[in-house]
Amino acid sequence: SRGLLVGDGIGIIAKYPFHDEHLGAWHGCFGGVLPPGAADCLAMKGFRMVRMVLGDGAEVDVYSLHAEAGGTAQDQALQVENYIQLAEAVEEWSAGRAVIVGGDTNLHIGDHPDGSAGEDAEIWATFLARVGLTDSCAELSCPNTDSIDKIAYRSGGGVELSALTHDMPVERFRTASGEDLSDHPPVVVEFGWDRAAG
């Protein structure tokens, strides 16, 4: 068994009630305490899904994820596998339903020093197309297209979702003494929802 040092980082906190929680661990990882790799095998990475009740019986399946990091060829191959595994889970657990997927994708789709941007963009685009999701940043033309923290969505199950705003409120994500709460800036997407016509 692996010597896990840190938690999964894929918790879900909500003001809406949720049920039917599912948890998936990635099938593989690469990297320990020493390079190469990005120490991914020291964390319990994977994804979590909950079925959130919006109101009036309307529901959306919310996924939180933390994907393989690192820029080696082995990391890149595992990232491909991560998104195939996640797509299979969405297809199995959320067929025909409204879905929101968000979290640390570890995918750089803009310019990136390790040269992975083209491959990462292809991984993300392939995943979105396979499960019918829209990237909220692309939809709203947000200025931070290379953020590895991404939120995507789709309508379904009689629920129409729309991304209204995309923000990274760094100034609100600090301690009282001004220290960042995380090594990642927060990503906040406001969604509107309604019952789909028909």
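The reply describes the sheet, then the helix and the loop, and then the chain.

Tutor: This is a predicted model, in which local features need pLDDT of at least 70, side-chain atom pairs count only at pLDDT 80 or more, and totals for chains, interfaces and linings use all residues. Residues are numbered from 1 along each chain as its sequence is written, and side-chain values use heavy atoms, with hydrogens and water left out.

The open sheet has six strands in the order β1-β2-β3-β4-β6-β5, with mixed pairing. Strands (E, at least two residues) and helices (H or I, at least four) are DSSP runs, numbered from the N terminus; two strands pair if DSSP finds at least two bridges between them. At the edges are β1 and β5 (134-135), each pairing on one side only. Strands β3 (residues 58-66) and β4 (residues 99-104) run parallel and are joined by six bridges. Opposite Asp61 stands Val99 in β4.

Helix α1 (residues 73-93) lies across β1, β2, β3, β4 and β6 (149-154). Its direction is at about 165° to β3, where axes are lines fitted to C-alpha atoms, for helices over the stretch in contact (heavy atoms within 4.5 Å), and angles run from 0 to 180 degrees between N-to-C directions.

The loop between β1 (18-25) and β2 (46-55) holds Phe30. Phe30 has a relative accessible area of 17%, so this residue is buried (under 20%, with a 1.4 Å probe, protein chains only). Its C-alpha atom is separated by 7.9 Å from that of Leu78, 48 residues apart along the chain.

Overall, the protein chain has three helices and eight strands, in the pattern β-β-β-α-β-α-β-α-β-β-β along the sequence.

Notes. Buried means under 20% relative accessible area, exposed over 50%, partly exposed in between (1.4 Å probe, protein chains only).
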